[in-house]
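Have the fold in view as you read along.

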Amino acid sequence: MSLYTLHNEEYIQVKVPLPFPLRWVNGYLIRGDDGYTLIDPGLHTEASVECWEAVLKELRLSWKDMEQIVLTHHHPDHYGLAGLLQEKSGAPVRMSAKGWEQAKLLWGEGQPMTAALLSLFASHGLPDELAGPMKSHMDDFVPMVSPQPDVSLITIGEPIRLGNSVYETIHTPGHAAGHVCFYLPERQAMICGDHVLPQISPNISYLPFGVDDNPLDSFLRSLEHIGEYEVSWAYPGHREPFSTFGKRVRELLDHHEIRLEAMRAQLAGESLTAYQVCRATFGDRLTLHQMRFALSETLAHLIYLEKTERIRSLEHEGIVLFQAL
């Protein structure tokens, strides 16, 4: 069985394994006269490295055939292998300035995002007994994103060459600040990272350090913008490439409006913490990994509701509560 799939004679899709329910992340290879562009190599695990080595062997390539490594965003399942593969290939690693800034907050000296995120969660009701295990869980990601790459910055809005073609660089914040998609007009092809996914909804997380004061608003605006593009085929970070891009954008917009109203309804009769709203929305059987993203997503929705004056927040003994207006 082949380890890769060729789409439209242009994009080689590699399903790089992940050790959590998403199962795999899509890495893409695009051939050019000067070598291959590798997009989103995956998480640094033994299984991921073995996957790429097997793919290169099947394609009769070596790491020196990589011209560049390009990242749609900084999340570990896309970014994690970039440093190691840079060492193997000598290829530059390219990502947005905002994405690189967050990578350093998450995994740079002292990992400052970890303490800030745990403090944020505590103020929104995360029980003390979960704080220690969650810190350990976040620390466990450091080896899976190491070594850190030397990064060359992508300039948002400027064209970028991937393979032999020149793509538009589209800033699509929301799922991740600094997230970029790449659009090739002549093929109506969109490399969309995690901004638009078929079948599943991208996580929209609020983070401290002023990364994005209203990430759900950023995401919805980005969806409206990218939905204006004519797209015949979309190449996502998870699941399979798909041809229903415009329809999927509309579904995601509707999905978040339904979730916003459901959260507002929870707050109609009582004041609740974000943690309580999270549990009511996403259930009681979340792993620590899932809880981290579910609570951050809940915060993103509650912040959006407050900024649109559908709910309000108040503080009681150091804990933030939300209630409907």
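In what order do the seven strands of the open sheet with mixed pairing stand? The order is E1-E2-E3-E4-E5-E6-E7. Please keep in mind that this is a predicted model. A sheet of five strands is also described below.

**The seven-stranded sheet**
- Strand E1 (4-7) and strand E7 (151-154) are at the edges; each has a single partner strand, so one side of each lacks a neighbour in the sheet.
- From one strand to the next, the twist averages 30 degrees.
- E7 is joined to strand E6 (residues 93-96) by four bridges, and the two pair in the parallel sense.
- To find this pairing on screen, look for Val93, whose bridge partner in E7 is Val151.

**Helices lying across that sheet**
- Helix H4 (residues 97-107) lies across E6 and E7, and runs at about 100 degrees to E6.

**The five-stranded sheet**
- This open sheet has the order E8-E9-E10-E11-E12, with mixed pairing.
- Strand E8 (160-162) and strand E12 (233-236) are its edge strands, each pairing on one side only.
- Here the twist averages 30 degrees from one strand to the next.
- E8 and strand E9 (residues 165-171) run antiparallel and are joined by three bridges.
- A handy pair to look for is Ile160, which stands opposite Tyr167 in E9.

Conventions
Residues numbered from 1 in each chain as written. Predicted model: local features only at pLDDT ≥ 70, side-chain atom pairs only at ≥ 80, totals over all residues. Heavy atoms only, no water. Pairing = 2+ DSSP bridges. Axes fitted to C-alpha atoms, helices over the stretch in contact; angles between N-to-C directions. Contact = heavy atoms within 4.5 Å.
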